[in-house]
Amino acid sequence: MKAPRNTWYAAGWPSDFTAAPTQRTILEEPLVFFRTSVGKLVALHNICTHRFAPLHMGKVIGDTLECPYHGLRYNTSGVCVFNPDLDGQVSPRSRVNSYPVVEKGGVCWIWMGDPAEADEAKIVDFPFLHSPDTYRPLKGYLHVRANYHLLIDNLVDVAHGLILHAGTLSTPGLAKGHHEVGRDGDGIWVKRSADECVPSPVFDMLWRRVRGDYTGLLDHWTEARWDAPTLISQVTGSQVHGEPHETGLQTRNCHLVTPATEHSSHYFWAICRNFLLDDDRLDDDMRVGIDYAFIEQDEKMLEAVHRNLNGRDFWDMKPALLKGDSGTVLIRRAIDRLVAAENQSSAEPAKRIDTSQVPS
Amino acid sequence: MKAPRNTWYAAGWPSDFTAAPTQRTILEEPLVFFRTSVGKLVALHNICTHRFAPLHMGKVIGDTLECPYHGLRYNTSGVCVFNPDLDGQVSPRSRVNSYPVVEKGGVCWIWMGDPAEADEAKIVDFPFLHSPDTYRPLKGYLHVRANYHLLIDNLVDVAHGLILHAGTLSTPGLAKGHHEVGRDGDGIWVKRSADECVPSPVFDMLWRRVRGDYTGLLDHWTEARWDAPTLISQVTGSQVHGEPHETGLQTRNCHLVTPATEHSSHYFWAICRNFLLDDDRLDDDMRVGIDYAFIEQDEKMLEAVHRNLNGRDFWDMKPALLKGDSGTVLIRRAIDRLVAAENQSSAEPAKRIDTSQVPS
Amino acid sequence: MKAPRNTWYAAGWPSDFTAAPTQRTILEEPLVFFRTSVGKLVALHNICTHRFAPLHMGKVIGDTLECPYHGLRYNTSGVCVFNPDLDGQVSPRSRVNSYPVVEKGGVCWIWMGDPAEADEAKIVDFPFLHSPDTYRPLKGYLHVRANYHLLIDNLVDVAHGLILHAGTLSTPGLAKGHHEVGRDGDGIWVKRSADECVPSPVFDMLWRRVRGDYTGLLDHWTEARWDAPTLISQVTGSQVHGEPHETGLQTRNCHLVTPATEHSSHYFWAICRNFLLDDDRLDDDMRVGIDYAFIEQDEKMLEAVHRNLNGRDFWDMKPALLKGDSGTVLIRRAIDRLVAAENQSSAEPAKRIDTSQVPS
């Protein structure tokens with residue numbers, strides 16, 4: 001599929017992975033994740049090299065994963081180290097791919113490309129994810145049957161809020177607000193702001209809960225920043241007219257998209273608020289609204305759009321381009337350049353799925 | 001798909017379409033239908049040219065249809081006339097296809113071919129559909145997962161009634177009755193009749209309800225007429241032996257088939273009786289029998305046959321041809337000629353789905 | 001699909017087929033089975049040559065099968081002998097394929113290849129299936145969504161029992177037992193045995209039920225024999241240490257695999273015990289355990305493996321070969337040779353699905 005490989009993708013939230021094996025497909029590759037006895041996260045190719053059983057149906061034994069069919073055991077490097085049958089021989093070449101995984105900054109990251117290039121220092125940090133004194137995160141996960149580009153478009157796009165999220169996240173005044181797009185290093189950002197306008201129903205609810213009654217008009221702003229390959233850091237805030245951002249309510253959010261296949265994506269989201277840090281019930285209330293917006297509105301729309309594309313290339317469809325699309329267009333082109341650069345650097349990309357064996 | 005384009009197809013019954021947008025795929029094209037504030041029926045291509053959202057999920061606002069994703073509004077000609085975001089600019093080329101639709105004679109018709117050739121005068125009329133003083137129509141709709149040719153074959157064919165509809169619509173005596181096939185202008189008709197034979201259970205029920213007890217033997221006749229592209233007008237009657245047709249009971253029926261895709265069809269039917277015009281309960285009783293025959297018998301059979309064809313061409317399958325097939329063979333060949341003629345007249349058919357845009 | 005054709009496959013157990021038509025796809029061909037008035041089993045191609053209706057939806061009338069759509073009747077040779085409509089004419093060439101079927105040794109067999117070569121003497125016999133004085137069979141059937149090779153692999157393989165069937169059929173001691181593979185005529189056999197080891201939970205239950213308390217250690221042995229094309233005869237036994245096999249408990253089993261499509265298989269199994277021949281309740285108890293092992297363990301695994309292969313060739317996947325695989329590798333290669341030999345002997349294989357007709 002068309003997506004960068006030599007880069008860190010979110011594999012999941014730390015709580016997604018336990019000692020029990022978990023399957024997850026990333027960049028069309030079937031993977032199995034498990035934690036060793038000391039909690040270290042491991043990612044292996046999910047197909048046994050012997051008779052092609054799915055390893056996630058097996059058991060973790062010590063620091064190895066046992067194949068559920070014939071009991072071959074693979075260590076954390078993907079090397080088969082045990083065969084319970086007859087002479088117990090395995091081929092030294094009998095191994096499944098192992099993928100670099102790192103747990104950092106509140107996210108489990110995976111590197112699907114050339115392991116030699118997997119540099120942890122390049123992992124993007126989202127400070128609000130791991131600053132419990134200032135931000136309280138609310139996290140979730142969706143498996144969306146749409147190409148990852150459509151999710152990125154949606155997450156950076158302000159305009160659709162007005163229509164698709166009318167009644168939930170929509171702040172109508174932002175439609176006619178100040179719009180700015182720019183670059184910051186390799187990142188691309190999109191900003192919108194509007195003064196003295198009606199907040200979204202969700203922010204209205206939050207404001208009343210935190211600050212009590214008010215005029216019903218606030219200054220609003222939202223900023224989204226894309227980092228390669230598919231990471232969105234986003235902040236939404238509102239405050240009393242003319243006051244600095246810091247005095248208002250903010251949610252700092254990250255939206256981590258990971259291509260599963262050409263036709264489906266993993267979507268990890270975290271909404272992190274800078275207020276009512278100890279209010280457990282607010283988590284539940286917010287989750288109801290977020291689930292409605294993300295599942296009933298965004299997910300349904302993105303899957304419908306994906307079906308409408310029906311395998312055709314987005315650009316070949318000649319989309320009408322509007323002013324509000326300037327950010328998403330920049331980002332699509334940046335991703336396309338990353339893919340093209342990888343294809344150029346290796347006419348024949350390194351084959352990662354290696355099931356070759358010396359016959360025993 | 002292989003079907004005539006420059007012709008009027010039934011898009012639906014007038015009651016199928018309201019102010020709320022309705023989707024329907026015709027000739028593989030996704031369409032959205034809605035009525036304007038004055039009730040005028042509009043058909044547009046159902047995919048927004050901006051980010052390819054399905055327009056039928058949107059709202060009708062005045063005489064425009066609002067895209068559910070970003071709120072672009074399309075007028076009845078398919079031109080985008082409003083963008084709620086930022087500068088509000090849209091490209092003058094930002095438009096979706098609009099299709100000629102006409103409400104006439106109790107049917108909503110659509111023209112999928114070259115709009116310049118859409119001549120309302122060519123629409124086939126079914127007088128019994130709109131003659132409430134003489135005929136009372138009972139209408140229905142089925143979405144059948146079978147190629148439209150199979151539906152036409154079935155609707156013109158008398159022979160299958162004896163077997164497939166044994167116990168409902170079957171008049172066994174017709175098997176050995178008088179059989180005739182002919183042409184009338186561009187139409188093709190098939191007639192069967194048989195004297196003094198046992199009526200179908202349905203006609204027996206009707207006769208007793210309308211005329212009381214009788215000998216159990218009647219003269220029977222049925223005529224089906226095909227008009228291009230896929231319209232069947234059919235009459236079934238029975239009367240006391242030797243009496244003229246006019247003295248008996250008749251249902252005049254129309255069966256309007258519209259290709260949805262190569263593998264599915266819209267089927268609009270109306271059974272119009274010339275008796276008990278004010279009997280509401282009879283509608284319910286008839287519907288039970290019709291639903292059983294059409295859904296449990298015909299639809300199941302046609303979908304099974306379609307699966308058996310499995311994408312292969314009907315003629316390549318070398319069907320055994322029987323005397324009773326003479327009508328359906330003529331009709332299949334007439335439709336094939338219409339398709340061939342269209343393909344000849346335009347080596348490259350006009351591309352209807354136009355999503356090209358000038359970037360704003 | 002890649003499977004031998006000139007050979008006898010199991011079509012089903014005798015009780016699978018009654019006077020009512022039954023459909024079953026074998027080697028990608030849709031078939032209909034029915035019994036005539038004298039109980040003779042007939043297999044015909046399941047698609048009517050007239051309008052391609054599925055014959056299994058029809059009725060058996062005398063010794064003919066009536067098409068459910070137009071009532072054409074086919075005799076046991078597949079010749080259309082009756083048309084109820086109009087002149088009643090059928091073409092002498094109007095016929096569907098008829099396949100040699102033989103009921104022999106407790107199994108219904110079908111020959112999908114050249115009928116001239118269908119020699120009943122070549123049918124493999126499983127004496128324990130029809131020796132009620134010595135063996136009591138318990139039979140079953142599964143439709144498995146996996147290629148037939150995967151089923152054969154599984155049925156001959158001893159090693160997976162240890163892991164996949166831990167808690168049911170597993171006799172762990174066999175893992176380190178004596179292993180032998182050999183040929184006997186055209187057959188291939190695999191043997192395993194181990195002395196004084198803990199029996200499987202199932203054999204432990206059986207031993208206690210038949211012989212009462214014991215030390216918990218027994219001698220164990222299992223032998224599987226493959227015969228072309230896809231027939232496995234298998235025996236599992238255990239006895240007191242040092243005693244001859246005949247003194248112990250045995251189940252003699254046959255596993256008859258018939259390719260349905262490239263992606264699905266019919267699996268007919270019979271477990272035949274040489275003890276408690278009159279114990280009806282034991283049948284029920286054994287079926288619970290067998291169903292769990294075959295459905296919850298083997299079937300789930302094989303379908304998962306088939307999905308993992310995802311249409312790729314098994315050998316192209318370069319499976320790691322272990323010592324325990326020696327039997328299954330011999331068998332795969334023997335089947336491959338049968339297929340290759342058939343392909344060589346007829347560059348263009350006889351077309352079996354003949355729907356050609358002289359128009360009447």
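A:Phe52 is buried, with 23 other C-beta atoms within 10 Å, where buried stands for 20 or more other C-beta atoms within 10 Å of a residue's own, exposed for 12 or fewer and partly exposed for the range in between, with C-beta atoms placed from the backbone. The place of A:Phe52 is the loop between strand 4 (41-45) and strand 5 (59-61) of chain A, and its phi is near 65°, a positive value in a residue other than glycine. Helices (H or I, at least four residues) and strands (E, at least two) are taken here as DSSP runs and numbered from the N terminus.

This is a predicted model, in which local features need pLDDT of at least 70 and side-chain atom pairs count only at pLDDT 80 or more, while totals for chains, interfaces and linings use all residues. Residues are numbered from 1 along each chain as its sequence is written, and chains are lettered from A and ligands numbered from 1 in the order in which they are written.

In chain B, B:Glu28 also has a positive phi, of about 70°, although it is not a glycine. This residue lies in the loop between strand 2 (22-26) and strand 3 (29-35) of chain B, and B:Glu28 is partly exposed, with 15 other C-beta atoms within 10 Å. B:Gly311, in the loop between helix 4 (280-309) and helix 5 (326-345) of chain B, is exposed, with 9 other C-beta atoms within 10 Å. The C-alpha atoms of B:Gly311 and B:Asn147 are separated by 9.7 Å, although the two residues are 164 residues apart along the chain.

| Peptide bond | Omega | Loop holding the proline |
|---|---|---|
| A:Ala228 to A:Pro229, cis | near -5° | between strand 15 (218-227) and strand 16 of chain A |
| B:Ala228 to B:Pro229, cis | near 0° | between strand 15 and strand 16 of chain B |

The domain assignment of chain A, which is automatic or comes from a database, gives domain 1 (8-121) and domain 2 (126-343). The C-alpha centres of domain 1 and domain 2 of chain A lie 33 Å apart, and the contact between them takes 11 residues from domain 1 and 11 residues from domain 2, two residues being in contact if their C-beta atoms, placed from the backbone, lie within 7 Å. On the side of domain 1 that touches domain 2 of chain A, the elements that give two or more residues are strand 1 (8-12) and strand 2 (22-26) of chain A, and the largest share, 3 residues, comes from strand 1.

Strand 10 and strand 11 (residues 107-111) of chain A pair in the antiparallel sense over 4 bridges, and A:Val101 stands opposite A:Ile110 in strand 11.

Chain B holds an open sheet of 7 strands, in the order 12-18-17-16-15-14-13 and with antiparallel pairing. Its edges are strand 12 (136-144) and strand 13 (178-184) of chain B, each with a single partner strand, so one side of each has no neighbour in the sheet. Strand 12 pairs with strand 18 (residues 264-273) of chain B in the antiparallel sense over 9 bridges, and the bridge partner of B:Arg136 in strand 18 is B:Arg273.

Helix 3 (residues 201-211) of chain A has A:Val202, A:Phe203, A:Leu206 and A:Trp207 buried. These residues cover an arc of only 130° around the axis, which puts them on the same side of helix 3 of chain A; the arc is that of the directions from the helix axis to the C-beta atoms. What covers the buried residues of helix 3 includes strand 16 (231-239), strand 17 (249-261) and helix 4 (280-309) of chain A. Just after helix 3 of chain A, A:Gly212 takes a positive phi of about 85°.

Between chains, 25 residues of chain B are in contact with 21 residues of chain A, whereas the contact between chain C and chain A takes 20 residues from chain C and 25 residues from chain A.

Key
Pairing = 2+ DSSP bridges.
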